[in-house]
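Let's take a walk through this structure together. Have the sequence and the 3D view open side by side as you read.

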Amino acid sequence: MRKISQNFLFYFLLITILVGTLFPIYWMIINSFKDNTEILTGKSLFWPSRWRIENYRDMWRNINFGLYLRNSFIVCGLTMLIAMVLSTLAAYSLSRFKFPGKRIINDSILATQMVPGIMFLIPIYLMFVRFHSLTNIQLIGTFPGLIFVYSTFFVPFSVWILQGFFAAIPYEIEEAALIDGCSRLQIFLKIVLPLAAPGITATGIYIFLTAWDELMFAWVLTQADTITIPVGIRLFVGNYQNRYDLMMAASTVATLPVIILFFAMQKHIIRGLTAGAVKG
Amino acid sequence: MKIKSTIQEIREKSYAYMFILPMVMGMLIIHFIPMLIGIIMSFLDLNQYTLSKYLSAPFVGFRNYFDVLFNPKSTIRIGLLQAVRNTIIYTIGVTGGTLTIGMIVALMLNKNFIGRRLVRTLFLFPWIVPTYVTGLLWAFIWNHEIGVVNYILTKVLNIVEKPPFWLMGPNTLWAIIVPTVWRYWPFAMLMLLAGLQTIPDELYESASIDGANEWQKFWHITIPSLKPVWSTLLLVNLITNVYSFNIVIMMFGHGAGFPGEWGDLLMTNIFRNSFQLWQYSKGAAASIVLMICMIGIVAIWYKLFREKW
């Protein structure tokens with residue numbers, strides 16, 4: 001009897017938290033299909049009286065969402081690739097070699113995480129202005145500028161996660177390869193990289209998700225044709241204050257790509273992120 | 001032999017430096033030089049008129065710091081103390097909520113039941129929703145007239161008669177804490193669950209033989225064993241929440257409004273002062289003061305959680 005009531009309590013709590021967790025997402029999707037007057041008058045609250053797929057067409061027509069989506073994919077994709085290369089190289093170096101300056105680099109990786117992003121924002125903006133007047137290369141409002149900032153910005157945290165993965169690869173494997181006459185570079189490319197691939201994949205996706213979520217820098221460093229989704233959505237809702245239907249449709253479209261990416265790669269991400277954390 | 005090993009050592013080191021060089025270069029340009037400029041900026045009078053002069057703007061010494069810390073009449077002080085108060089409450093609320101719910105759900109998922117994997121996947125959903133969408137969505141949920149929270153309170157549960165304002169007055173603190181907890185607890189749960197699975201069953205079994213109850217087992221085995229995980233989560237949460245920006249900025253006026261004196265956080269405050277009121281130097285001074293406080297917090301954290309091991 002006690003067992004049954006315990007079980008009941010367990011499932012009751014589980015289902016309550018599950019409903020609380022998923023309800024806001026359900027709410028976002030359901031409202032993206034409603035008629036706006038239905039939202040404003042509070043009719044047919046939990047289920048639309050008619051599914052208005054037209055909302056998505058209207059949203060697409062009202063803002064240049066296709067452009068924002070394309071821009072976000074370009075920026076986040078390239079950021080992911082560059083940051084993965086940078087952080088893989090650095091993390092391998094930090095976890096395998098002893099060299100003067102290693103401690104300082106390790107400490108400054110941690111230190112960068114303690115600085116509020118806003119502190120970099122104005123100086124970087126000023127630096128880019130200066131760079132433009134010196135070299136005539138425009139970095140503000142262009143892809144290279146934003147990608148450059150992003151790809152270095154997410155490196156410290158990635159290095160931190162990746163170090164755990166490289167540390168987990170037994171050094172004996174590399175020593176054996178060294179004795180067999182492999183060069184360091186060969187060892188890195190042919191032995192270490194394949195072994196660390198799951199961790200590198202996880203880190204890469206994590207970088208993509210973080211870049212997809214970045215608003216503050218994109219706000220200042222993008223212009224008309226390089227605007228990414230967060231800035232685009234902000235502009236959009238500024239212009240359509242009470243069009244909750246379109247707002248929710250835009251939110252759904254902005255969430256969908258990362259949801260798909262996450263659940264396609266879920267196994268890698270979970271294994272990757274937890275492996276680093278448990279060691280502490 | 002000795003020479004050979006020295007050569008090899010040099011070659012090893014050159015690899016080490018070659019591998020790390022790209023990152024160091026990037027960090028130099030994107031982290032350290034801007035930080036240096038930021039520090040210089042905080043000693044200048046940089047506003048919309050002097051911006052074009054760049055770093056040759058008039059030097060004012062510690063005046064910006066004085067304005068931020070001790071001068072109640074300064075323009076940057078408007079709302080700053082409220083922002084400090086809100087940030088402290090917000091950070092404690094979100095960190096506490098995130099870790100508590102994360103721990104409860106991790107313990108539940110650590111049991112065997114049908115559909116466990118599916119439930120874990122479903123729980124991760126909020127963590128993938130972009131933060132700017134989170135802010136937008138919850139502003140809609142909290143809405144006074146058409147928000148679903150007020151609908152449930154007044155029409156479904158009938159607990160309150162007059163629907164409360166969630167995005168005005170002290171309620172605002174709840175309105176920003178709840179979405180942030182909603183967005184971040186799945187990550188804490190994931191980490192804690194991974195930690196739970198590494199605790200050997202024998203520990204619990206021998207405790208049972210010694211007659212320990214569930215609560216004692218939790219307090220004396222689970223909590224200490226998970227210390228590396230929850231202490232890391234504590235630090236990550238402290239930093240992200242003190243520097244929280246996206247969720248709150250998107251909740252008010254769709255990313256252009258003032259969050260009100262009970263919703264304004266330090267980041268939104270400094271951002272507004274820097275970019276909407278053009279007080280670049282005072283904004284820089286405020287963020288440096290904040291950063292120094294943060295370094296203090298992290299130092300305390302290190303003393304508490306890392307030195308003893």
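Predicted model: local features only at pLDDT ≥ 70, side-chain atom pairs only at ≥ 80, totals over all residues.

Two residues are in contact here if their C-beta atoms, placed from the backbone, lie within 7 Å.

Chain A has an average pLDDT of 87, and 97% of its residues score at least 70. Within chain A, helix H4 (residues 65-96) has the highest mean confidence, at 93, whereas helix H14 (residues 266-279) has the lowest, at 71. For chain B the average pLDDT is 88, again with 97% of the residues at 70 or above. Among the elements of chain B, the highest mean pLDDT, 94, belongs to helix H3 (residues 80-109), and the lowest, 85, to helix H7 (residues 148-156).

Now look at each chain by itself, starting with chain A. Chain A holds 14 helices and zero strands. Its radius of gyration is 24 Å, well over the 19 Å that the globule rule gives for 280 residues, so chain A is more spread out than a compact globule. The C-alpha atoms of chain A fill a box of roughly 75 × 75 × 30 Å along the principal axes. Of the 280 residues in chain A, 42% are buried. Among the contacts in chain A with a separation of 6 or more, 78% are between residues 24 or more positions apart.

The C-alpha trace of chain B spans about 90 × 75 × 30 Å along its principal axes. Buried residues account for 40% of the 309 residues in chain B. Of the contacts in chain B between residues at least 6 apart in sequence, 70% join residues at least 24 apart.

What lies inside? The largest nonpolar core has 151 residues, and those with the most contacts inside it include A:Val149, A:Ala211, A:Ala250, B:Leu136 and B:Met189. Helix H8 (residues 171-196) of chain B gives this core its largest share, 16 residues.

Finally, two loops deserve a look at the backbone. Most residues other than glycine have a negative phi. A:Asn136, however, has a positive phi, near 70 degrees, and is found in the loop between helix H6 (117-135) and helix H7 (143-153) of chain A. A:Asn136 counts as exposed because it has 7 C-beta neighbours inside 10 Å. In chain B, the phi of B:Trp278 is also positive, near 55 degrees. B:Trp278 sits in the loop between helix H13 (266-276) and helix H14 (280-305) of chain B. With 16 C-beta neighbours inside 10 Å, B:Trp278 counts as partly exposed.

How values were computed: Residues numbered from 1 in each chain as written. Chains lettered and ligands numbered in written order. pLDDT = per-residue confidence, 0-100. Helix = DSSP H or I, 4+ residues; strand = E, 2+ residues; numbered from the N terminus. Buried ≥ 20, exposed ≤ 12 C-beta atoms within 10 Å, placed from the backbone. Rg over C-alpha atoms; globule rule 2.2 N^0.38 Å. Core = buried A, V, L, I, M, F, W, Y, C linked by C-beta atoms within 7 Å.
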